[in-house]
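We will walk from stop to stop, selecting residues as we go.

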Amino acid sequence: MADVAIMGQGYVGLPLAYEASKVGTQVLGFDISQGIVDALNSGTSHIDDLSDEDIRSMVDAGYQATCDAGRLAEASTIVICVPTPLSEDGGPDLGPINAAVHTVSEHLRSGQTVILESTTYPGTTDEVVRPVLEQGGLVAGKDFHLAFSPERIDPGNEKFGAKNTPKVVGGHTPACADAAAAFYGSFVDTVVRAKGTREAETAKLLENTYRHINIALVNEMARFCHDLGIDLWDVIAAAKTKPFGFQAFYPGPGVGGHCIPIDPNYLSHSVRSKLGYPFRFVELAQEINATMPAYIVQRVYDLLNEDCKPLRGSTVLLLGVTYKPNIADQRESPAVPLAQQLIAKGADVRFFDPKVLEWSAVPEARRVDSVETAVTEADLTILVQNHRSFDVDALALKAQRFFDTRGVAADGDKVQRL
Ligand SMILES: NC(=O)c1ccc[n+]([C@@H]2O[C@H](COP(=O)([O-])OP(=O)(O)OC[C@H]3O[C@@H](n4cnc5c(N)ncnc54)[C@H](O)[C@@H]3O)[C@@H](O)[C@H]2O)c1
């Protein structure tokens, strides 16, 4: 028997399994990938936030990974943590959620609690998940509990993990919320009740849309501050000393990852399809953030021009190609369009990233072995992602030209900040 079955053993489902397992919960990790299941059962991790040792300790505590959907019936709680990508037209792709929910419905039994954690548009739990689960005759809120609880995990964050990040829970009924809150309450410090599933779904989208829009705000400011000769990094450092009413966001080469570039689309698409009008803030933010790689290329072009070098034929070294520092996740990394646009203009693009040995998204970009030598050879080096292991100032000193998109390099003749 298992206390909980967690569907999807990725960046979200696996840390959840780990935290639950730590307090003695019997966890079944269900995934459709046999490779992931085999690796987990043999004690091997495939995500940054958990080590092989962490996985082995889970397995020792009774954790089992499985592809056998029949075992879902063993669990008193089923948590769904499957991906929510975008479809080809840029709208929500609920394929993985639909597949997971159909699997649950085939094995659902009376008394179980089903919780959706995947980020999705408001109404998904009630309008998409509930009807499928009720197909077999069991009724949500009566025969089984149904809730939505957004995952707020921030991979690589050393201060806030699954345990000390408050967990928002919205139930189909108050009793459903009680059941979900009781489950999380056993291993999460703080559980916050939202009024219902729609409020919990929208809370997650508000959080990520807020971030997306504020990053777009500083990205737009980066462009005109540069033209006006104003150091935006210094502006932000000054502004953030205000102890209330201001939160610092920083410009960069674009937004990446599985959440910020994607989740706001779920909200804007849902507003447009249900109500017929746009969510204008999201659409503007999308436009600004998506054009940052092209803006970086323009600045590279200008910098090389100052050195009487054409972009075509110049060697450009990218430092850090993951979507955020100190993790290996490359999903939606803005380094990809940046490299592709530089290559399209004839640059010889090379990269160095301690977390990326093969950059399959940009096969034309050659990985350099020695970053110290490569910075001296490159006509221009761009700090795209500031991994902890980079000695930025030492690299900037050696570089012919150093373009710092993260605002961390000390001032210098050859250094230019975004
Ligand atoms: N990664 C993050 O930082 C993060 C943070 C907050 C929220 N989220 C949200 O959490 C959800 C999951 O994201 P993730 O990053 O863990 O994805 P992931 O790709 O790392 O993992 C998803 C796992 O689900 C498995 N899977 C796919 N379809 C399945 C099915 N039908 N049944 C069982 N398993 C299935 C995949 O094989 C994969 O192992 C998404 O909605 C995402 O938006 C992610």
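Start with the residue classes: Ala, Val, Leu, Ile, Met, Phe, Trp, Tyr, Cys and Pro count as nonpolar, Asp, Glu, Lys and Arg as charged, and the others, Gly among them, as polar. This is a predicted model, in which local features need pLDDT of at least 70, side-chain atom pairs count only at pLDDT 80 or more, and totals for chains, interfaces and linings use all residues. Residues are numbered from 1 along each chain as its sequence is written, and side-chain values use heavy atoms, with hydrogens and water left out.

**Stop 1: the whole chain**

Show the protein chain as a cartoon. It has 14 helices and 14 strands. Helices (H or I, at least four residues) and strands (E, at least two) are DSSP runs, numbered from the N terminus. The radius of gyration is 23 Å, close to the 22 Å that the globule rule gives for 418 residues, so the chain is as compact as a globular protein of that length. That radius is taken over C-alpha atoms, and the globule rule is 2.2 Å times the number of residues to the power 0.38. Along the principal axes, the C-alpha atoms fill a box of roughly 75 × 50 × 40 Å.

Now think about the surface. Of the 418 residues, 51% count as buried. Buried means under 20% relative accessible area, exposed over 50%, and partly exposed in between (1.4 Å probe, protein chains only). Next, contacts, meaning heavy atoms within 4.5 Å. Among contacts with a separation of 6 or more, 68% are between residues 24 or more positions apart.

**Stop 2: the cavity**

Rolling a probe the size of a water molecule over the atoms shows where empty space is left. On a 1 Å grid over the protein atoms alone, a cavity is a set of points where a 1.4 Å probe fits but cannot get out; a pocket is an open set with protein on both sides within 12 Å along at least five of seven lines; lining residues have an atom within 4 Å of a point. Grid points are joined across faces, edges and corners, and a volume is the space filled by probe spheres set on the points.

How many cavities of 30 Å³ or more does a search of the whole structure find? The search finds 1. Select Leu16, Glu151, Arg152, Ile153, Gly161, Ala162, Thr165, Pro166, Lys167, Tyr184, Phe187 and Val188 to see the lining. Color by class: the lining has 7 nonpolar, 2 polar and 3 charged residues.

**Stop 3: helix α3**

Select residues 52-60, which form helix α3. Which residues of α3 are buried? They are Asp54, Ile55 and Met58. They cover an arc of only 100° around the axis, which puts them on the same side of α3. The arc is that of the directions from the helix axis to the C-beta atoms. An α-helix has 3.6 residues a turn, so residues three or four places apart point the same way.

Turn to the other side of α3: Glu53 and Asp60 are exposed there. After α3, pick Gly62, whose phi is positive, near 110°.

**Stop 4: a pocket**

Move to the second largest pocket, with a volume of about 250 Å³. It is lined by 14 residues; Val255, Pro261, Asn289, Ala290 and Glu332 lie nearest its centre. Select helix α10 (residues 280-290), which gives the largest share of this lining, 3 residues. By class, the lining divides into 8 nonpolar, 5 polar and 1 charged.

**Stop 5: two positive phi angles**

Select Cys308, in the loop between α11 (292-306) and β9 (315-319). Its phi is near 60°, a positive value in a residue other than glycine. Cys308 is exposed, at 72% relative accessibility.

Go on to Asn326, in the loop between β9 and α12 (335-344). Asn326 is not a glycine, yet has a positive phi of about 65°. At 24% relative accessibility, Asn326 is partly exposed.

**Stop 6: pairs to span**

Use the distance tool on C-alpha atoms.

- Thr373 sits in helix α13 (residues 371-377). Thr373 and Ala399 are 26 residues apart in sequence and 9.3 Å apart in space.
- Asp234 sits in helix α8 (residues 232-239). Asp234 and Gly407 are 173 residues apart along the chain, and 9.3 Å separates them.
- Phe244 sits in the loop between α8 and α9 (263-275). Phe244 and Val384 are 140 residues apart along the chain, and 31 Å separates them.
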